[in-house]
Amino acid sequence: MRRYMLGAVIPVGLLVAWEALWHIESLRLESLSRPTEVWRAFLRGMSDGSIPHATTQTLEAALTGFVLACAIGIVLGIVIGLLPRLERVVSPTIDALRPIPSVALIPLSIMIFGFGASMEAVVVAFACVWPVLLITIASVKGMEPRLLEVSQVLQLSALERAFKVVIPAALSGIVVGLRLALAIALIVAITVEIVINPRGLGHEMMAAQQALQFDRMYACLLWVGVLGWVVSELSLAGVRRIPGLRLEAVGDAR
């Protein structure tokens, strides 16, 4: 509770400054809605279902892309981390693809999937796979070599070696990559919706801005911030339930 109270100091201070700025007529902007108006617009959006519906659409695409990126990144990261020769082969390809902005894939994704959740999830997955993949590779390569020697002595199969030795040993690093990817997933999903995809919270903000409903636009914007905070806290709470995990390394990846 003390951590939450300290964390609320800056947001509350910004809201107070926002309200004070609105009362200064010489500094007031037409596009700057009063915080109380924003709050009423948020309540209207919650009561008519527009904000919950848009939130569901955004989370659907973000989480789908996140899960897809995790599956690809963890599997490939473990394989590449265990095989140095394979890493030398695929590293140039990874270095060439990683700098490509995820939004640059929007035209190609639209051609293949059309508008909707699938297109958005693919773009999210492309953005999220890199932190998961690279951190997994580094975590696997940083394992204690004797663990692999023990697994060979015990004659474990490749699948048993992955689940009983590699993943537990590299789990702290993998979780850091997952938390980074989860934050990226929400950012990219909303960005795609703002740019072109007519669904979700990003589209809701753009529609409000184009209709000059600035209170509704600010309500959606602040709700996105709250949503990101909730997702981060839930992920951290889930990580704390994993036994044997080094929480100090994971907690720093915010």
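Among contacts (heavy atoms within 4.5 Å) between residues at least 6 apart in the sequence of the protein chain, 71% join residues at least 24 apart. The model is predicted: local features need pLDDT of at least 70, side-chain atom pairs count only at pLDDT 80 or more, and totals for chains, interfaces and linings use all residues. Residues are numbered from 1 along each chain as its sequence is written, and side-chain values use heavy atoms, with hydrogens and water left out.

The protein chain holds twelve helices and zero strands. Helices (H or I, at least four residues) and strands (E, at least two) are DSSP runs, numbered from the N terminus. The C-alpha atoms fill a box of roughly 75 × 50 × 30 Å, taken along the principal axes. Buried residues account for 39% of the 254 residues. Buried means under 20% relative accessible area, exposed means over 50%, and partly exposed lies in between (1.4 Å probe, protein chains only).

Confidence was examined next. pLDDT is the predictor's confidence in each residue, from 0 to 100. Its mean over the protein chain is 84, and 93% of the residues reach 70 or more. Where pLDDT is low, the predicted coordinates should not be read in detail.

The protein chain exposes about 14700 Å². Carbon and sulfur atoms supply 68% of this area. Accessible areas come from the Shrake-Rupley method with a 1.4 Å probe; for residues, only the protein chains shown count as cover.

A nonpolar surface patch of about 760 Å² is formed by Met1, Tyr4, Met5, Val226, Trp229, Val230 and Leu234. Helix H1 (2–7) and helix H11 (214–240) are the elements that give two or more residues to this patch. H11 provides the largest share, four residues. Patch residues have over 30% relative accessible area and no salt bridge; nonpolar side chains (Val, Leu, Ile, Met, Phe, Trp, Tyr) are joined within 5 Å, like charges within 9 Å. A salt bridge is a side-chain nitrogen of Lys or Arg within 4 Å of a carboxyl oxygen of Asp or Glu. Met1 lies in the segment before H1. Methionine 1 counts as exposed because its relative accessibility is 71%.

Tryptophan 130 sits in helix H7 (residues 117–141). Its relative accessibility is 12%, so tryptophan 130 counts as buried. Neighbours within four places in sequence aside, tryptophan 130 contacts Ile94, Leu97 and Arg98. Glycine 77 is 53 residues from tryptophan 130 along the chain, and their C-alpha atoms are separated by 9.8 Å.
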